[in-house]
Amino acid sequence: MGISSGGYVTTPPVQTTGSTSAPETLLTWQFEALGSGTNARYDAERDVILLDSRLQAVREPMLLAPLLAHEAVHRRYRSDPPRDEASLQRYVEEEMEAYRAQLDAWLQVKGSFAERYPDPAAMLNEVERDLLSDHLQLEEAMQEDESALRASRLEHYRRVMAARQNEER
Ligand SMILES: [Zn+2]
């Protein structure tokens, strides 16, 4: 079964607090070379989720669903890159929300995935195995110590912000 770029209807992530839930929105994605080990990112200008071309080798949609769920969160916020400590903190909160959406999407398909692929090492190709290992690592990181993941993301984005500000200077 192959996957081509196209539309994907997301179910809004389950709200644990609050009563407003976003209506279902049509999400579009396409493959593009993203480089530097990036699997996916949301392009606000074009309102499209970009999946790295390498992922065209993925034959199993269950492996892509968590990535789309993650980027769908960024699509909801359409944040500008952080410019100061306050926007950096907000950005990291958004990133954690995206990770939780990604994890939820993975946990929703995990059982069916395990049934369909009892021997993933033998049944998946290399790109699929890499993606599976990303999902399993995220699951472990989130369940083990979410605040440690948050701290490492905060450090990462603080460095990215500093590098960008140096370039702009
Ligand atoms: Zn993200």
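Trainee: At what angle do H1 and H2 pack, and how far apart are their axes?
Mentor: The angle is about 155°, and the axes of H1 and H2 are 8 Å apart. Axes here are lines fitted to C-alpha atoms, for helices over the stretch in contact, and angles run from 0 to 180 degrees between N-to-C directions. This is a predicted model, where local features need pLDDT of at least 70, side-chain atom pairs count only at pLDDT 80 or more, and totals for chains, interfaces and linings use all residues. Residues are numbered from 1 along each chain as its sequence is written.

Trainee: Roughly parallel or roughly antiparallel, H1 to H2?
Mentor: That angle makes H1 roughly antiparallel to H2. For the cut-offs, under 35 degrees is roughly parallel, over 145 roughly antiparallel, 65 to 115 roughly perpendicular, and the rest oblique.

Trainee: Which residues of H1 make the contact?
Mentor: Among them are Met62, Ala65, Ala69, Val73 and Tyr77 of H1, with H2 giving residues including Ala98, Ala101, Ala105, Trp106 and Phe113. Two residues are in contact if their C-beta atoms, placed from the backbone, lie within 7 Å.

Trainee: And how do H2 and H4 pack?
Mentor: H2 and H4 also have an angle of about 155°, with axes 10 Å apart. That makes H2 roughly antiparallel to H4. Residues making this contact include Leu88, Tyr99 and Trp106 of H2 and Leu138, Met142 and Tyr157 of H4.

Trainee: Let's zoom out. What order do the elements run in?
Mentor: From the N terminus on, they go β-β-β-β-α-α-α-α, which comes to four helices and four strands. Helices (H or I, at least four residues) and strands (E, at least two) are DSSP runs, numbered from the N terminus.

Trainee: How much of the chain counts as buried?
Mentor: 20% of the 169 residues. Buried means 20 or more other C-beta atoms within 10 Å of the residue's own, exposed means 12 or fewer, and partly exposed is in between, with C-beta atoms placed from the backbone.

Trainee: How many residues are in the largest nonpolar core?
Mentor: It has 23 residues, and those with the most contacts inside it are Ile49, Leu51, Leu64, Leu68 and Ala101. A nonpolar core is a set of buried Ala, Val, Leu, Ile, Met, Phe, Trp, Tyr and Cys residues joined through C-beta atoms within 7 Å. The elements giving two or more residues to this core are strands S3 (40–43) and S4 (48–52), and helices H1 (61–77), H2 (85–116) and H4 (126–168). The largest share, seven residues, comes from H1.

Trainee: Back to H1, then. What does H1 reach from its first C-alpha to its last?
Mentor: H1 has 17 residues and reaches 25 Å, close to the 24 Å expected at 1.5 Å a residue. The expected span is 1.5 Å times one less than the number of residues. Its buried residues include Leu63, Pro66, His70 and Glu71.

Trainee: What comes after H1?
Mentor: Arg78 follows H1, with a positive phi near 45°. Arg78 sits in the loop between H1 and H2 and is exposed, because it has 10 other C-beta atoms within 10 Å.

Trainee: And Asp47, buried or exposed?
Mentor: Asp47 is exposed, with 11 other C-beta atoms within 10 Å. Asp47 lies in the loop between S3 and S4, and its phi is near 50°, a positive value in a residue other than glycine.
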